[in-house]
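Please look over the sequence and the structure below before reading on.

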Amino acid sequence: MTDIALADLPVAVIGSGPVGLAAAAQLVRRGTRPLVLEVGSSVAAAAAEWGHIGLFSPWKYNIDVAARSLLAPTGWQEPDGEHLPTGDELIRDYLIPLAETDELRDAILTDTRVVAVSRVGMDRTGTAQRESTPFLVRTQNSDGATADFQVRAVIDASGTWESPNPIGQSGLAAPGEVEARRSGFVTSPLPDVTGRDREKFAGRQTLVVGGGHSAANTLLALAELRAEVPGTRIGWVLRRADPASVYGGEDQDGLPARGALGARLRRLVEDGAIDVHSSTTITGFAADGGGSVAAETGGEPVTLHADRVVPATGFRPDLGFLREIRLNLDPVVEAPQQLGPLIDPEYHSCGTVPPHGARVLGHLEPNFYIVGMKSYGRAPTFLMYTGYEQVRSVVAAIAGDHEAADRVELVLPETGVCSTDIGSSCDAPTGKPGSVDLPAAGAPDAGGCCGPAEPLVIGIPTGTEHGRSGESRND
């Protein structure tokens, strides 16, 4: 295949969440045809799973610049910039209208799971003419039918929602955990406790496992339900010795809505509404699917009891369908190798990673990029507007505009403590008890086609470098 024919092929975007659709919009802006592949039956299917959750960034930070340019001619009414939307509002008022624009409507294939990515006629061992050979993207629909697509580049924005971390210790599923998930005893990571899933929790005993904002969100929702339904009991299982670190920046947080999350949670714990099991790990589930959970506290075996267990232990990237792609991953967090040291949660707090684009996100495979939440691997501190900057740079690199790809158009904030384990982005509460925000968001449009004329800073910038690569400079 000639270079001209290769250039005529579309660019595959895996996933139609906020970052995936932003990538598609950036491709349209560059005159390149996107092919968006979405596993769900509608766009942003993963976001719909947490639609009851509120974002902790207002609308003015949630809309990608290129996406706005596609929406503007359609008569779309941009939401109030100061309003904190829910996930459902994000989909209804932004992502669906974006997906229905003339430029994107026919480019999105739903019910299309990517099961493999390779190169046409060669596996990962083939080197000769690899860069000039199209990618082969194999898909499967819900009926099991497969289809192959040839594309010139691949942007994987599939996220991590479908790959939750196990509840058990050492990164492994506890004995009986798979069966407990299958039976529903272990629920989804962010159940709608006060809404569609209310009957599963009302008047029952629930254990929430995890120490991030996802756990805090569910604990707050359960506390709201407890105030309405007598007999609703709440347990919180933490591996750490003290829950205080989960409370975060509270009134010092650069995003006030998120700071309020920790403050409310602290009050509930201090008031005895939540039974805290600290220094505790889950070691097994009853074989009969009953309500007993085996655990260890301080090295001693204990038995916990519950009607439901909510797993808020974070997510990890699904790399299985990329087996034939030459990935270059950090061995610790499974992010792109250059990015990994900057986002390692042992060192990093949300907002301290420097702005990054195609060069940092690149792999040994030319024209293949992982973006969005999945680009952070097992690190839990991704912000959505980081993804918007990622795809702006990546699409520029695919188009051969390396000057634009290397240009920094966003300064990421130090927004206070941002430890979170949601599979999409950092999360924090709206004003409603029991709700928490998911992705912080995209840089606002300051005019022009390339984003803000001046670097944007949101939150509390510190100038401090973080990550493994910054250790010696932080001494």
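The buried residues of helix H5 are Gly 87, Glu 89, Leu 90, Ile 91, Tyr 94, Leu 95, Leu 98 and Ala 99, where buried means under 20% relative accessible area, exposed over 50%, and partly exposed in between, with a 1.4 Å probe and protein chains only. Helices (H or I, at least four residues) and strands (E, at least two) are DSSP runs, numbered from the N terminus. The model is predicted, so that local features need pLDDT of at least 70 and side-chain atom pairs count only at pLDDT 80 or more, while totals for chains, interfaces and linings use all residues. Residues are numbered from 1 along each chain as its sequence is written, and side-chain values use heavy atoms, with hydrogens and water left out.

Among the elements that cover the buried residues of H5 are helix H2 (18–29), helix H3 (45–49), helix H4 (65–71), E3 and helix H12 (384–398), with contact taken as heavy atoms within 4.5 Å. Helix H5, residues 87–99, bends by about 25° at Asp 93, and the proline Pro 97 follows within four residues; the bend at a residue is the angle between axes fitted to the seven residues ending there and the seven starting there.

## Nonpolar cores

A nonpolar core is a set of buried Ala, Val, Leu, Ile, Met, Phe, Trp, Tyr and Cys residues joined through side-chain atoms within 4.5 Å. The largest one has 61 residues, and Tyr 94, Ile 155 and Val 371 are those with the most contacts inside it. H12 gives the most to this core, with 8 residues. Apart from it lies another core, of 25 residues, including Leu 225, Val 229, Leu 261 and Leu 265. Leaving aside residues up to four places away in sequence, the residues that Ile 155 touches include Val 11, Val 13, Leu 27, Tyr 369, Val 371 and Ile 398.

## Paired strands

Two strands pair if DSSP finds at least two bridges between them. An open sheet of 3 strands has the order E4-E5-E6, with antiparallel pairing. E4 and strand E6 (146–151) stand at the edges with a single partner strand each, so one side of each is left without a neighbour in the sheet. Ile 282 stands opposite Ala 295 in E12, and Ala 295 in turn stands opposite Val 302 in E13. E12 and E13 form a hairpin with 2 residues between them, and Gly 298 in the turn has a positive phi of about 60°.

| Strand | Partner | Bridges |
|---|---|---|
| E5 (residues 135–140) | E6 | 6 bridges |
| E11 (residues 280–285) | E12 (residues 292–297) | 5 bridges |
| E12 | E13 (residues 300–305) | 6 bridges |

## Single residues

Most residues other than glycine have a negative phi. Asp 111, however, has a positive phi near 50°, and lies in the loop between strand E3 (108–109) and strand E4 (113–119). Asp 111 is partly exposed, with a relative accessible area of 28%. Glu 334 also has a positive phi, of about 60°, although it is not a glycine, and is partly exposed at a relative accessible area of 23%.

Glu 177 lies in helix H6 (residues 177–183), and counts as buried at 1% relative accessibility. A polar atom of the side chain of Glu 177 lies 2.8 Å from the backbone nitrogen of Ile 167.

Key
A polar contact is a pair of N or O atoms within 3.5 Å; within protein, one must be able to donate a hydrogen and the other to accept it, and residues adjacent in sequence count only if both atoms are side-chain atoms.
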